[in-house]
Amino acid sequence: MAFNDSEELLAAKAEKRMEQALATRSVERDDYIDTTPAEPLTKKDINRMAWRSLALQASFNYERMQAGGWLYTLIPALRKIHKNEEDLSNSMKMHLEFINVHPFDVTFLSGLVLAMEQSKEKISTIRAVKVALMGPLGGIGDAMFWLTWLPICAGIGAALALEGSLFGPIVFLLLFNALHFGLRFGLAHYGYRAGLGAINVLKNSTKKISHAASIVGMTVIGALVASYVRLSTPLEIHAGEAKIALQTGVLDKLMPNLLPLGFTLVVYWLMKKGYSPVKLIGLTVLLGLAGKFLGFL
């Protein structure tokens, strides 16, 4: 994860992203012809940009990553900002360069970029800001959404579903998207209002935010292991005429949910060894079938 990287590694990644951006550039000049700051964008313009950001990965490719969706997000605002056709062309060419950012907090960057476009900053400056914030936003987005909020919402939804409630998946979608859309639109307006002043604050706080979110996420995932990974054995230990249930008489007395914990740690170890999630799902299914058929699970 990005929040565990050293300063040297982060700098190396930023340099590589800049090289990728420059490798795909086709901008003819660095300065805009019309350097007069444009009229401020309206709330409607920013909301429209936020809605269009949902298509960020619609044309994902391995040369420029999210460039097509990124430009699609900005086009209406760029047309309003740049009245000069050559300026608009250069701006669009620059925004078709390599970019790869988290799809949920991308609107902070797009709002910030539109503020810079409105002020008619140099194209190289806007490019540098885009590259500088790809990594921090990726680290924050991964920690906040994939490691924290998604497990929490999935746990609540799964708990309802296991009780037989049809509202399980509905509650999951509502909870997850409440934060998702709240941040998507909120960050769009915040990024545009904050302008360049937000860059230093974000870069200085990235590791703290990501680390805190990851701790919460790992805690939630640990709780989910005990609650939703169900694994037990019907085997019995025979000592003369005495019979002791291995699960209730031994394992549960050593530590409740010992088998689910052991299985989770084995899966984690296999993932570290390079096993893909698809293979691990297949192995889990085979283990379940074999355990049921042979009678040890």
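This note comments on salt bridges, a helix pair and a surface patch in a predicted model.

1. Basis of the model. The model is predicted: local features need pLDDT of at least 70, side-chain atom pairs count only at pLDDT 80 or more, and totals for chains, interfaces and linings use all residues. Residues are numbered from 1 along each chain as its sequence is written, and side-chain values use heavy atoms, with hydrogens and water left out.

2. Salt bridges. The structure holds five salt bridges (a side-chain nitrogen of Lys or Arg within 4 Å of a carboxyl oxygen of Asp or Glu). Among them is the pair K120 and D34, whose closest N and O atoms are 3.9 Å apart. This pair links distant parts of the chain, 86 residues apart: K120 sits in the loop between helix 5 and helix 6, and D34 in the loop between helix 1 (7-23) and helix 2 (43-52). Helices here are DSSP runs (H or I, at least four residues), numbered from the N terminus. K120 is buried at 10% relative accessible area, whereas D34 is partly exposed at 29% (buried means under 20%, exposed over 50%, partly exposed in between; 1.4 Å probe, protein chains only).

3. Helix 2 to helix 3. K80 and D45 form a salt bridge with closest N and O atoms 2.6 Å apart. K80 belongs to helix 3 (residues 67-81) and D45 to helix 2, a separation of 35 residues. K80 is partly exposed, with a relative accessible area of 34%, while D45 counts as buried at 18%.

4. A buried pair. R127 and E97 meet through their side chains in a salt bridge (2.8 Å, N to O). R127 lies in helix 6 and E97 in the loop between helix 4 (85-95) and helix 5, so the pair ties together parts 30 residues apart in sequence. Both residues, R127 and E97, are buried.

5. Helices 5 and 6. The axes of helix 5 (residues 106-118) and helix 6 (residues 123-162) come within 10 Å and cross at roughly 165 degrees. Helix 5 is therefore roughly antiparallel to helix 6 (angles over 145 degrees, taken from 0 to 180 degrees between N-to-C directions, with axes fitted to C-alpha atoms over the stretch in contact).

6. Nonpolar surface patch. Y275, I281, L283, V285, L286 and L289 form a nonpolar patch on the surface, with about 590 Å² of accessible area together (Shrake-Rupley method, 1.4 Å probe). Such patches join nonpolar side chains within 5 Å, from residues with over 30% relative accessible area and no salt bridge. V285 lies in helix 11 (residues 277-294) and is partly exposed, at 46% relative accessible area.

Key
Patch = residues over 30% accessible without salt bridge, like charges linked within 9 Å, V, L, I, M, F, W, Y side chains within 5 Å. Helix = DSSP H or I, 4+ residues; strand = E, 2+ residues; numbered from the N terminus. Parallel < 35°, antiparallel > 145°, perpendicular 65-115°, else oblique.
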